[in-house]
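Please keep the sequence and the structure in view while reading.

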Amino acid sequence: MIRFLLFLRKIHFVLLFIVLEAIAVSVFVHSNVQYEARWLSLSGKVTNFFYARAAAVGNYFGLRTDNEQLRSEIAVLRTELETCRHAAALAADTLPVSGLLQYYQYQPVRIIRNRITKRENYIILDQGALQGMQPNMALVSPGGIVGYVVQCSDNYSVAMSVLNTKFRTSGRIQGSDFYGSIYWDGMSFREVILDEIPKYASMAPGDTIVTTEHSGIFPPGVPIGTIADYELINGTFYKLRVRLFADLAQVRNVYAVKYYDEQERRLLENAYYNETAEPAPYTRPGQGDRSFDPNRPVPQPVNREAAAPDQPGRDADSGAASETSGGETTPENTGTPGI
């Protein structure tokens, strides 16, 4: 304190000069209307400059909230788009359709951990069963497919990445009906393989590959990538190397897609391909549950601190994948994947 007082005593002449100078400028400015107007204009510009900079800083810290709102709106629009696509497909049907049935629902989620350096890579998501997540939900980014959910706890989910040697789905050349199996060979994190394309199929490097109706997880028509190269195997079928649209090393925000008919379709496929297994009874969901409502809120994260501390997490069956008729892998009767 003594040092501070000594410092003020040392510069008190400078401080007195500054105060007197400020008083003199104020008197001079207010003594003339023209000078006062110029001063107010200048001070207004300076004040507005600092206000604009302060607002820019506030807007920067509010970008996360704005981004979450935009992603929720995009999820609603994607759901509406898929519903309209199915409605257009049914428009030519002679049977009357009462209302629009919702087949897919998009939900924005965030990746909190991602791995691309192993042969079996998994993704950790920031939402779980309490936020509406469940196994077999597809993960898509604005660029293309990313993976699908294999296990859920209360507040987190594990998804199998496209960059996993156990991953399987079906893909086709856009604009044609030639389809095959999509999988990762463990080589490049930017490329996957599309196998079993007939030798009489026409294609060229740069053609787009999309998902098909054979998938029980991914909606049809979701972009996968473009043809980078291809070769004829044993003179019978083509093996295509597809460059992914989605950069799995940088993707952070994705959409989880729920397929409402997944349970019915999976039970039917399991009963057909596994004759020894007795299929579980299927209960058709209510019509009202699937009718499209544009005002239906997108599931949002809940306050995890409010949850009871002694409530155990609910883990869904997950793990290694089994192959179905559409080339899709599903997490059934396996252990928890290593992360």
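Among the contacts in the protein chain with a separation of 6 or more, what percentage is accounted for by residues 24 or more positions apart? The answer, for what is a predicted model, is 63% of those contacts. The points below start with the whole chain and then turn to particular pairs and positions.

**Overall make-up**

- The protein chain holds six helices together with 14 strands, and of its 339 residues 35% are buried.
- Its accessible surface amounts to about 19,900 Å², and carbon and sulfur atoms contribute 57% of that area.

**The salt-bridge network around Arg241**

- Three salt bridges turn up when the whole structure is searched, and Asp185, Glu191 and Arg241 are linked in a network of such bridges.
- In one of them, the side chains of Asp185 and Arg241 meet at 3.0 Å, taken from N to O; this pair links distant parts of the chain, with Asp185 in the loop between strand 7 (179-183) and strand 8 (191-198) and Arg241 in strand 11 (residues 237-244), 56 residues apart.
- Arg241 also meets the side chain of Glu191 in a salt bridge, with an N to O distance of 3.5 Å; because Arg241 lies in strand 11 and Glu191 in strand 8, the pair ties together parts that are 50 residues apart in sequence.
- With a relative accessible area of 19%, Asp185 is buried because the value falls under 20%, and Glu191 is likewise buried at 17%, whereas Arg241 is partly exposed at 25%.

**The Lys166–Glu120 pair and its surroundings**

- A further salt bridge joins the side chains of Lys166 and Glu120, at 3.7 Å from N to O; this pair, too, links distant parts of the chain, since Lys166 is in the loop between strand 5 and strand 6 while Glu120 is in strand 2, 46 residues apart.
- Both partners are partly exposed, Lys166 with a relative accessible area of 29% and Glu120 with 32%.
- As background to these pairs, side chains of opposite charge can pair when their charged atoms come close.
- Thr165 is placed in the loop between strand 5 (157-164) and strand 6 (169-173), and its relative accessible area of 18% makes Thr165 buried.
- When neighbours within four places in sequence are left aside, the residues in contact with Thr165 are Arg119, Glu120, Trp184 and Gly186.

**The loop position Gln134**

- Gln134 is found in the loop between strand 2 (120-125) and strand 3 (138-140), where it counts as partly exposed at 30% relative accessibility.
- Apart from its neighbours within four places in sequence, Gln134 is in contact with Val149, Cys152 and Lys258.
- The C-alpha atoms of Gln134 and Gln151 are 7.2 Å apart in space, and the two residues are 17 residues apart in sequence.

**A nonpolar surface patch**

- Trp39, Leu40, Leu42, Val46, Phe49 and Phe50 make a nonpolar surface patch of about 620 Å².
- Phe50, one of these patch residues, is found in helix 3 (residues 33-61).
- At 53% relative accessibility Phe50 counts as exposed, because that class takes in values over 50%.

How values were computed. Residues numbered from 1 in each chain as written. Predicted model: local features only at pLDDT ≥ 70, side-chain atom pairs only at ≥ 80, totals over all residues. Heavy atoms only, no water. Helix = DSSP H or I, 4+ residues; strand = E, 2+ residues; numbered from the N terminus. Buried < 20%, exposed > 50% of the residue type's maximum accessible area, 1.4 Å probe, protein only. Contact = heavy atoms within 4.5 Å. Areas by Shrake-Rupley, 256 points an atom, 1.4 Å probe, with all protein chains shown as cover. Patch = residues over 30% accessible without salt bridge, like charges linked within 9 Å, V, L, I, M, F, W, Y side chains within 5 Å. Salt bridge = Lys/Arg side-chain N within 4 Å of Asp/Glu carboxyl O.
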